Amino acid sequence: MAYWTTRRRDVLTGYVFIAPQLLGVLVFVLVPVGMAIWYSLNKWNVFTGRQTFVGGDNWAALASDPQLSSVLLATVLFSGGVVVLNIGLGLLIAVLLNRRFRGATFFRTLFFSPVVVSVVAWTLVWGFLLQDNGGINGLLGAVGIEGPNWLQHGDTAMVSVVISQVVRSVGVNMVLFLAALQGVPSELYEAARIDGARSRAIFARITLPLISPTVLLTAIITIVGALQSFAQIAVLTGGGPELSTTVLVYYVFQQAFEFNNIGYGSTLALMLLSFVMVLTLLQWQLRKRWVFHEQ
Amino acid sequence: MSSRRSLLRRALLVAALAVLAIPFVVPTVWMIAASVKPLPEIFKSPPSLLTDHPTFAAYGEAFSFQPFARQYVNSLYIAVLVTMITLLVSSLAGYAFARIKFPGANALFLVVLTGLLVPSEVTIVPLFQLFKQAGMINTHWPLILVTSLAAPCVLATFIMRQFFIALPAELEEAGRLDGLGRPGIWWRICLPLARPALSAVAILTFLASWNLYLEPTVYLTSPELFTLPQALTRFTDAYGGEMWNTQLAAATMTVLPVLIVFVVAQRHFVEGLAHSGLK
């Protein structure tokens, strides 16, 4: 019989079809992660291009880095703020838009539109609006309030970055929540209403449990996305004032490309990677506890 | 009585949504409005949206200050190329992972998925070294290769797999009876059916490439090779002062085409995303 049976041909086709994607992940993701691990065990001299093996020195340096605690605090504040506001606002808008009324599509378009605006353009405009003599203080001044210099104070700078990031990206969560809300069977609502349940109880007991898988997934995506927000910080505050908005990603970039600390930068990058991995795994485990699955 | 109440409730709903929408709409409107104002008027207090002396001078300046037309072409051709490669690579891999049984398929799929887990900031230092050794720094190759084969493509492969899994097996059997091999089934039967998934992938990939900022900043040093997001941050005068109206004009030109396409095709955007398997 012929060697090339349908089965054999199928197996070969499978490998050929996945080859470009697999190769891409190997060369552009896995090999670089391996290299980053190796870099974190080395110290580099930028001028001579020489690298020397220093073992755990870079890792020990994490403990004695006087800036790291501020960076981690900024990272937690930024990611936490973005996730809470993003999920809360996304859910609120989705619930409001989920009712049938004229103009629902129009509003959906408005809320989603910042998603397609490039991060840098969006952030530039916010920077323009938030400066001392910018549009926001102009508006506040018109009603007799003297606004702060938003980007120059530690507290308001963080609030500004978080809000500009949330407004830009909440449209994605809104759409995912809308799709989930539309999947809730209307019989359940009718049954609850016949039983005399109030809207708030219906939302807490029926809607929320049924869309919880989506809430979980968007939470993961949003946290991981927030941990990777680079352009927003770079363009709006440059990590300042002082270190108040220097999140981990930005610190990695500074160490690696501005201060040329390739080894230490790679160590920080791996710390970022471990955060992302731990969060993803944690959420995955939690899923079993509280996510309701329809039969 | 009850219809009046429901009318009132609807009015309240629309009012609440309109207030909520302000921060979503004002920045973009402001950007466009300020780009046609003379510079001194940009910081007028109280601020107004309209000007008595509209001018498009800042638009011209954007082109004379930097090779902006060139940067535009760079962004456009890179995004189109990246989108085409991603569509091909992800539909092949997504199809194979969904429909073909081959040893190690599950394990290899998990390996591919790790591409979604690793932030690009983690790999950028080693990638910089790799591309330096390959002589590709200050070329567009890193932007094209990494975007079309790493994280955005992995997301695309995942979306395509989710879509192909749901296709009924009878379709493929019919194709087989017609004498089609695997590549024929993929190309003639499955891809035409996958248009919703393909358009979701195309939109997501195009935006990912069009908006890329970290990678161009790291890999490119010559202004004539810059992409738009990177170029937008370079509008400062000789003293490092911001050229706000020029910058806003350039930003408007960067944003407007995508925004117009979005408004026209918003149904595709939103539904593509909602059904992209992210649920």
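Modeller: Before we start, buried area here means the accessible area, taken with a 1.4 Å probe, that two parts lose on being put together, summed over both. This is a predicted model, in which local features need pLDDT of at least 70 and side-chain atom pairs count only at pLDDT 80 or more, while totals for chains, interfaces and linings use all residues. Residues are numbered from 1 along each chain as its sequence is written, chains are lettered from A and ligands numbered from 1 in the order in which they are written, and side-chain values use heavy atoms, with hydrogens and water left out.

Biologist: OK, what area is buried between chain A and chain B?

Modeller: About 7,700 Å² is buried between chain A and chain B, and carbon and sulfur atoms give 82% of that. On the side of chain A, the three residues A:Phe17, A:Gln21 and A:Phe28 supply 10% of the area that chain A buries against chain B, more than any other three residues.

Biologist: And how many residues are in contact there?

Modeller: Counting contact as heavy atoms within 4.5 Å, 85 residues of chain A touch 87 residues of chain B.

Biologist: How many salt bridges between chain A and chain B?

Modeller: There are two between chain A and chain B, and the count over all chains is four, where a salt bridge is a side-chain nitrogen of Lys or Arg within 4 Å of a carboxyl oxygen of Asp or Glu.

Biologist: Which residues does A:Asp10 pair with?

Modeller: A:Asp10 meets B:Arg182 in a salt bridge at 2.9 Å, N to O, and A:Asp10 also forms one with B:Arg176, whose closest N and O atoms are 3.7 Å apart. The B:Arg176 pair runs from helix 9 (residues 169-177) of chain B to helix 1 (residues 6-39) of chain A, helices being DSSP runs of H or I with at least four residues, numbered from the N terminus.

Biologist: Switching topic, at what angle do helix 3 and helix 7 of chain A pack?

Modeller: Helix 3 (residues 68-97) and helix 7 (residues 154-182) of chain A pack at about 40°, with their axes 6 Å apart; axes are lines fitted to C-alpha atoms over the stretch in contact, and angles run from 0 to 180 degrees between N-to-C directions. These two helices of chain A are therefore oblique to each other, since angles under 35 degrees count as roughly parallel, over 145 as roughly antiparallel, 65 to 115 as roughly perpendicular and the rest as oblique.

Biologist: What about helix 4 and helix 8 in chain B, how do they pack?

Modeller: Helix 4 of chain B and helix 8 (residues 151-165) of chain B pack at about 45°, with axes 7 Å apart, which makes helix 4 of chain B oblique to helix 8 of chain B. Their contact includes B:Thr86 and B:Tyr95 of helix 4 and B:Met160 and B:Phe164 of helix 8.

Biologist: And where do the axes of helix 4 and helix 7 of chain B come, at what angle?

Modeller: The axes of helix 4 (residues 68-99) and helix 7 (residues 141-149) of chain B come within 8 Å and cross at roughly 35°.
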